[in-house]
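Please keep the view beside you as you read the points below.

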Amino acid sequence: MKTALVIMAAGIGSRFGGGIKQLAAVGPNGEIIMDYSIHDAIEAGFDKIVFIIRHDIEEAFKEAIGDRIEKICAWLGVEIDYAFQALENVPEGFSVPEGFSVPEGRSKPWGTGQAVLACKGIIKEPFAVINADDYYGKEAFVRLHDFLQGYTPDKPGDLAMAGFVLKNTLSDNGAVTRGICQMNDAHYLTGVLETGGIEKTADGATAGGKSIDIDSLVSMNMWALTPEFVELLESGFVEFFEKAAPANPLKAEYLLPIYIDELLHADKVSVKVLPTHDKWFGVTYAEDKQTVIDSFARLVADGVYKKDLFSDLKK
């Protein structure tokens, strides 16, 4: 069954060193984090890549990765496409509430829910969603791909997420916020407990001065979704514009995990938590960049990746 990987690269992240953080070179040949995610997804069996970007970064994006990945995907027989997220972009068929307009002073798009919704018409198969600037490891892509192979149209609400072990997601550069998964005995998600101020300690981790279980599973915004889920996103986006956006027009965001949690509690979807034991890392702050460069150098030295990254994928 055809499966797609959707990469959310439209977010306006904090800038460092004059560059866009998603496009920072971290590999031995100038690869960026997305290169490794795309490699791991293709290796796992995904055969379509969709980049969600903004029009104003299109040129820089294609120069840093897009043009190169298009050639690699053509070589490997993998389809590639682009979706564009924009603040003023209300997808076809929507009617924004009368009198509502994009607020002056807002430059950021409407969040990860709107980002995935930008794929309407492009996504017709089960798909995984990831952040552009996170490294997830190989296991998670295999787990999500295997789950998506079980998709049937009569079960459009069967979703999944990768559950990362908390200790594998902590930063050496300060506190982090993580969504700790609450699950039933069958490993289905019952809720996500957003926990801020999680800091690594000598013997584990603490949050707000209290010890926290470092073997808990956490969400890192890596989802396995169905094509029908995009339709649900549409109705949720209308509701967002009716309630949340007018209440806080400068900062309101339509966020994928929050909407999935709403659907979960309304019994409209189920979310299987698929444990993965790889170490997550990403470039959140400028000082993270060298750590990530060193991490990829180790992965190459250990044989996890070839120095010529995609050379092992050609059949």
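1. Two strands pair if DSSP finds at least two bridges between them. Helices (H or I, at least four residues) and strands (E, at least two) are DSSP runs, numbered from the N terminus. With that in hand, look at the hairpin of S7 and S8: five residues lie between the strands, and His187 there takes a positive phi near 70°.

2. A word on the source: this is a predicted model, where local features need pLDDT of at least 70, side-chain atom pairs count only at pLDDT 80 or more, and totals for chains, interfaces and linings use all residues. Residues are numbered from 1 along each chain as its sequence is written, and side-chain values use heavy atoms, with hydrogens and water left out.

3. Strand S7 (residues 176-183) and strand S8 (residues 189-201) run antiparallel and are joined by seven bridges. Cys181 stands opposite Val192 in S8.

4. S8 also has strand S9 (residues 204-207) as an antiparallel partner, through four bridges. The hairpin from S8 to S9 has two residues as its link. Lys200 has Ala205 in S9 as its bridge partner.

5. Is strand S2 (residues 48-53) enclosed or open? Six of its six residues are buried (under 20% relative accessible area, with exposed over 50% and partly exposed in between, using a 1.4 Å probe and protein chains only), so S2 is largely enclosed by the rest of the structure. Lys48, Val50 and Ile52 point one way from S2, while Ile49, Phe51 and Ile53 point the other way, and all are buried.

6. S2 has parallel partners too. Strand S1 (residues 4-8) pairs with S2 over five bridges in the parallel sense, with Val50 as the bridge partner of Val6. Strand S3 (residues 79-84) runs parallel to S2 and is joined to S2 by six bridges; Lys48 stands opposite Glu79 in S3.

7. Now the helices. The axes (lines fitted to C-alpha atoms over the stretch in contact, with angles from 0 to 180 degrees between N-to-C directions) of helix H1 (residues 33-44) and helix H4 (residues 138-148) come within 9 Å and cross at roughly 40°. That makes H1 oblique to H4; angles under 35 degrees count as roughly parallel, over 145 as roughly antiparallel, 65 to 115 as roughly perpendicular and the rest as oblique.

8. The contact (heavy atoms within 4.5 Å) is made by Ser37, His39, Asp40, Ala41, Glu43 and Ala44 of H1 and Lys138, Phe141, Val142 and His145 of H4.
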